[in-house]
Amino acid sequence: MAPTPGNSLRDKQILSIKKLLNLNQPLEPTNGDDSNGFQSASAPLLKDIPTWKILVFDELGRNVISPVLQVSDLRSMGVTLHVPIAANRQPIPDVDAIYLIEPNSKNLQQITNDLQKNLYNSASINFLSSVPRPLLEDFAAQTAAAGTSEKIAQIFDQYLNFIVPEPDLFSLGMQKEHTYWALNSAKTQDEELDRVIDRIVSGLFSVVVTLGVIPIIRCPRGAAAEMVATKLDRKLRDHILNSKDNLFSAHRAAASSTGTPKPLLVIMDRNIDLIPMLSHSWTYQSLCADVFGLSESNRITIESPVDSNNPAKGTNKKTYDLAADDFFWAKNSCLPFPQVAEDIDIELTKYKEEADALTKKTGVRDLDHFEQDSSASAQHLKAAVTLLPELRARKATLDMHMNILAAILGEIQSRQLDNYFQLEENVFKQTKAQVLDQIKTADKGKPEDYLRLFVIWYLSTEQDVTRQEWTQFEEALAAKGCDTTCLSYIKQVRATTKMTQLTTVNNPSSSSQQQSGSSDLFNRFSAISSRLTDRLKETGVPTGALSNNVASLLGGIKNFLPEDRDLTVTKITESLMDPSAASSSAIAKTEHYLYFDPRSANARGTMPQPSAMRAQGSGSALGGPGGLPGSSGPGQTASFGQRRQGFSEAIVFMVGGASTAEYSNLQEWAARTTTGDRAKRRVIYGGTELLNAGNFITEELERLGKEVS
């Protein structure tokens, strides 16, 4: 279920960022079209304070801002220049600077150096997370020694150390920490383990603060998620008890007056289901992540040949930003690729009709010559001037997506991604001989594709694989150029994931209807292929032979749509949000999930540091693959009433990496189950980092495989 305008996690983060850009003064409410409902005009919002500002950020600060605000948005808030804190910067002594940084000694020393050099008139310092007291005291000593205290105008904790690429999708941006490896490796140092867990807790606390809610927390026993849940519960409890006017006071008063129910926070370990991290998904967003490495900043880079007939001429790279106001991406990112291809034709047809209507009214030849054509009648000029910017912006967006779709089509053809997706949809039905034959006979795809297919089958099948058969699979994969290093770890983790997987087809009897429906879609999809060819030519997409033969390419794509399948994460979320509708198997898996309510009067005691727990376990940093050695934590077992409590809103968080496939599946489930008189559901999904399959294999699984083998 889509969030209401102004109520999504992204809307609330944007509001927080705009407030800090307004020098932490309240924004003026507006009745305009801004989704967050607050003014972002270029006029000064403050009296006696300069309008123009410089924004200085570190790497995380840049990653937080780039998916949600464009340069034009920064300019509207008076930011004329934005620069990295590590860059060589020229003095601009008459302008105030806004710093958006992580609280660490390196950044604070750089701020002191800037102020000593008189780079800026004053500094408004905004920490992305709460600054530790010892670090703040060190900064105070630095400031006193340097004599720069008069130049520090403000210091604020902003609780913004998370990245929001989609309205209700977030990441803590922890790629460099390699959280899946860190939490499952026996080689992780104690200090690093403690730091990773504390960073996760800090990020989740910031998400909760930004949403303005104190959730009920549920998590499985004996895993890394339990440690995170316990420490987050203690952090929230301490904050509420130790400050009368705390970060949730205003929101709590508003919730009490409106009767807003408590949300649910479900914290799960990545090992609960590894398959979504490796699967070939069929949604637009997942294809962009798989094919182009869609970043958390919603930026993709497409590489295309300069001359398709002469590869020696090299390639061109073009970067696209999928901005927060991209209407086509907002509508289609979670939809299957065939539906997206159909919708681009509908949108382009709609644009062409509106553009034609406008040119007929004004008498100009086309929109590109509007400014040069003086024959337009005066009575239509005002309407045309109003509509023209919107039409051009829409056309630019559609042209961009035509380029992206054309590149995806090329990848589907060259790697047979549709074939891999179809195989993985029913991979559990494949025999050992069939999978081995698929690997040996496949003639298209990257080595990574063959490896992913095998691992997904191995984690899904109930069949035992003998040592001899395992060797045959390894040899077949190696012959295809695959790096099989990760397979040693996959063998070890299989037992854990088999106990937790719950992926099911919601209505197996509807298979024939699903096939019929997809065939109907593809009949229509093929019918528009000739028009898509024309669109490609109109927009000048440099796809070479592809633009001349779209029809034959589309005809080769499998005639299917994804089955109505709920992933393990979705089934678990359903069992906790709506127990009355959940399957008995899902409820059985979550029956013993721990229950935390940070607002309750009963304290939960203290929990040792993660490093102190490893002495009780063996193997990984936290016991078994992804797990703690036991349930010695302070969380309580939910009562029957608590287990059967329903929720309309939930935050689902994955420790060890998030998948766009799971995000799409959760959004589809929320929309599908919000029908008739049933309460509207909303699910926010996030993780320690967003990874595509290639990065998850090379950065996490292969490192663990080397340790195990």
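**Exercise 1. Determine how many aromatic pairs a search of the whole structure finds, and classify the pair of tyrosine 180 and tyrosine 489.**

Step 1. Rings of Phe, Tyr and Trp (its six-membered ring) pair if their centres lie within 6.5 Å; planes under 30 degrees apart count as stacked, over 60 as edge-to-face and the rest as tilted.

Step 2. For tyrosine 180 and tyrosine 489, the ring centres are 6.1 Å apart and the planes stand at 85°, so this pair is edge-to-face.

Step 3. Tyrosine 180 belongs to helix H6 (residues 179–184) and tyrosine 489 to helix H19 (residues 487–500), so the pair ties together parts that are 309 residues apart in sequence. Helices (H or I, at least four residues) and strands (E, at least two) are DSSP runs, numbered from the N terminus.

Step 4. Burial is judged by relative accessible area: buried means under 20%, exposed over 50%, and partly exposed in between (1.4 Å probe, protein chains only). Tyrosine 180 has 1% relative accessibility and counts as buried; tyrosine 489, at 0%, also counts as buried.

A note on the source is needed here. This is a predicted model, in which local features need pLDDT of at least 70 and side-chain atom pairs count only at pLDDT 80 or more, while totals for chains, interfaces and linings use all residues. Residues are numbered from 1 along each chain as its sequence is written, and side-chain values use heavy atoms, with hydrogens and water left out.

**Exercise 2. Examine helix H17 (residues 447–460): what should its residues span, and which of them are buried?**

Step 1. The expected span of a helix is 1.5 Å times one less than its number of residues. The 14 residues of H17 should therefore span 20 Å, and the end C-alpha atoms are 20 Å apart, which agrees.

Step 2. Twelve of the 14 residues are buried, so H17 is largely enclosed by the rest of the structure. Among them are Asp449, Tyr450, Arg452, Phe454, Trp457, Tyr458 and Ser460.

Step 3. Phe454, Trp457 and Tyr458 are also joined by ring pairs to Trp470 and Phe473 in a cluster.

Step 4. A charge sits over a ring if NZ of Lys or CZ of Arg is within 6 Å of the ring centre and within 35 degrees of the ring normal. Lysine 480 is placed over the face of tyrosine 450, at 5.3 Å from the ring centre. Arginine 494 is placed over the face of tyrosine 458, at 4.3 Å from the ring centre.

**Exercise 3. State in which order five strands form an open sheet, and locate the helices that lie across them.**

Step 1. The order is S2-S1-S3-S4-S5, and the pairing is parallel. Two strands pair if DSSP finds at least two bridges between them.

Step 2. Strand S2 (79–84) and strand S5 (152–157) are the edge strands, each pairing on one side only. On average, neighbouring strands of this sheet are turned by 15° against each other, direction ignored.

Step 3. Strand S1 (residues 53–57) is joined to strand S3 (residues 96–101) by five bridges, and the two run parallel. Phenylalanine 57 faces leucine 100 in S3 as its opposite residue.

Step 4. Contact means heavy atoms within 4.5 Å. Axes are lines fitted to C-alpha atoms, for helices over the stretch in contact, and angles run from 0 to 180 degrees between N-to-C directions. Helix H1 (residues 9–21) lies across S1, S2, S3 and strand S4 (123–127), at about 145° to S3. Helix H4 (residues 105–116) lies across S3, S4 and S5, at about 170° to S3.

**Exercise 4. Is isoleucine 408 buried or exposed, and which residues does it touch?**

Step 1. Isoleucine 408 is located in helix H14. Its relative accessibility is 0%, and it counts as buried.

Step 2. Leaving out residues up to four places away in sequence, isoleucine 408 touches Tyr284, Leu287, Cys288, Phe292 and Phe337.

Step 3. Isoleucine 408 and isoleucine 302 are 106 residues apart in sequence, and their C-alpha atoms are 9.5 Å apart in space.
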